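Q: Could you go through some backbone and packing details of this model with me?
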Amino acid sequence: MLSKKDFFFELPEKLIAQSPLDKRDTSRLLVLNKETGEITDKHFFDILDYLDKGDCLVLNDTKVIPARLYGTKKETGAKVEVVLLEAQSEKIWKALVRPGKKLRDNAEIYFSDKLSAKIITTIEGGTRLIEFYFEGNFYEILDEIGNMPLPPYITKKLDDNNKYQTVYAKYEGSAAAPTAGLHFTKELLDKVAQKGVKVTYITLHVGLGTFRPVKTDNILDHKMHSEKYFITEESAKIINDTKAAGGKIISVGTTSTRTLEANTEDGILKSGSGSTEIFIYPPYKFKMVDRLITNFHLPESTLIMLVSALSTREYILNAYNYAVQNEYRFFSFGDAMLIY
């Protein structure tokens with residue numbers, strides 16, 4: 001039985017990156033050989049050295065919405081906070097609310113002259129279904145009054161929302177960024193393509209459940225959160241053709257990885273849309289992903305369990321301890337890791 005304690009490592013708080021680098025691709029890159037455990041120190045722009053002609057780089061093109069809203073309760077004027085989780089329709093969303101005890105069914109919330117809301121009902125885990133009232137484009141209003149839903153370990157306010165957005169973000173719907181992709185610049189992606197590496201995109205809207213801690217000692221008892229994905233026929237064909245021709249599939253981030261693995265059967269990636277609750281941990285055998293570009297994850301999280309499955313738990317923890325000793329920057333705005 002694997003326990004969550006098997007994925008623990010000591011992390012000094014000073015190594016948690018509070019803001020991104022000015023130049024995205026100058027972050028450090030720890031390269032781990034998944035079969036030997038060998039570690040090499042590089043910079044992210046060196047990723048080109050590990051991509052070969054005929055390989056395929058797969059990125060998640062979801063776009064983070066400014067999902068954190070601050071408003072007041074209409075009856076009392078009390079300050080409230082709403083974090084959007086998942087759209088149910090154009091005007092109805094699943095959301096987290098604070099303070100939860102004071103925001104019961106039918107409570108009305110004022111955000112601005114352009115946006116108000118009413119709580120419909122309380123659902124699983126204390127989340128709410130909320131109906132919004134507005135005229136015009138909801139996402140444009142969010143851009144005006146919303147705040148980026150930064151992870152709880154980032155306490156510094158962003159001076160530019162685009163810093164928590166990949167340069168290729170396209171489809172709005174995420175409550176958190178697919179952070180491995182934050183290291184790429186448009187120029188670096190152009191160089192990848194010029195090398196003869198195929199670049200393609202899939203979509204998985206990241207939920208705040210990605211930060212949910214594993215509370216059960218036995219990791220098999222952990223209930224994984226659900227996230228919506230979309231894979232076009234064109235992307236599926238590019239990825240399948242690459243695999244058939246012997247090229248490597250390099251997944252950018254755990255979100256891309258979960259999407260690919262959840263939709264691969266008998267070595268073939270299926271196109272389409274749906275939701276996935278896939279939980280990847282050792283000794284999972286990968287069906288599509290050969291290499292993974294990722295950030296450094298929280299101790300005892302489902303994400304460090306996933307990366308451990310691509311190599312070994314021992315090699316991953318050794319690499320993490322090496323990263324701590326050599327003061328790599330951790331988490332969303334931190335440095336990157338390539339498992340190859």
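Q: Where does Phe331 lie?
A: In this predicted model, Phe331 lies in the loop between helix 6 (313-325) and strand 19 (336-339).

Q: And what is phi of Phe331 near?
A: Phi of Phe331 is near 75 degrees, which is a positive value in a residue other than glycine. Most residues other than glycine have a negative phi.

Q: Is Phe331 buried or exposed?
A: Phe331 counts as buried because its relative accessibility is 5%, and buried means under 20%.

Q: What about Glu300, where is the place of that one?
A: Glu300 sits in the loop between strand 18 (291-295) and helix 5, and Glu300 also has a positive phi, of about 65 degrees, although it is not a glycine.

Q: Which side chain of opposite charge is nearest to Glu300?
A: That is Lys4, 4.2 Å away; Glu300 is buried yet has no salt bridge, since a salt bridge needs a side-chain nitrogen of Lys or Arg within 4 Å of a carboxyl oxygen. Leaving aside neighbours within four places in sequence, the contacts of Glu300 include Lys4, Phe7, Val214 and Met305.

Q: Switching to helices, how do helix 4 and helix 5 pack?
A: Helix 4 (residues 253-262) and helix 5 (residues 302-310) pack at an angle of about 65 degrees, their axes being 11 Å apart, and the crossing is left-handed. Thr254, Thr257 and Arg258 of helix 4 make the contact with Leu303, Leu306 and Val307 of helix 5.

Q: Last topic: what joins Arg98 and Pro99?
A: A cis peptide bond, with omega about -5 degrees; the bond from Pro282 to Pro283 is cis too, with omega near 5 degrees.

Definitions and conventions: Residues numbered from 1 in each chain as written. Predicted model: local features only at pLDDT ≥ 70, side-chain atom pairs only at ≥ 80, totals over all residues. Heavy atoms only, no water. Axes fitted to C-alpha atoms, helices over the stretch in contact; angles between N-to-C directions. Helix = DSSP H or I, 4+ residues; strand = E, 2+ residues; numbered from the N terminus. Left-handed = near helix turned anticlockwise from the far one by under 90°. Contact = heavy atoms within 4.5 Å. Buried < 20%, exposed > 50% of the residue type's maximum accessible area, 1.4 Å probe, protein only. Lys, Arg positive; Asp, Glu negative; His and termini not counted.
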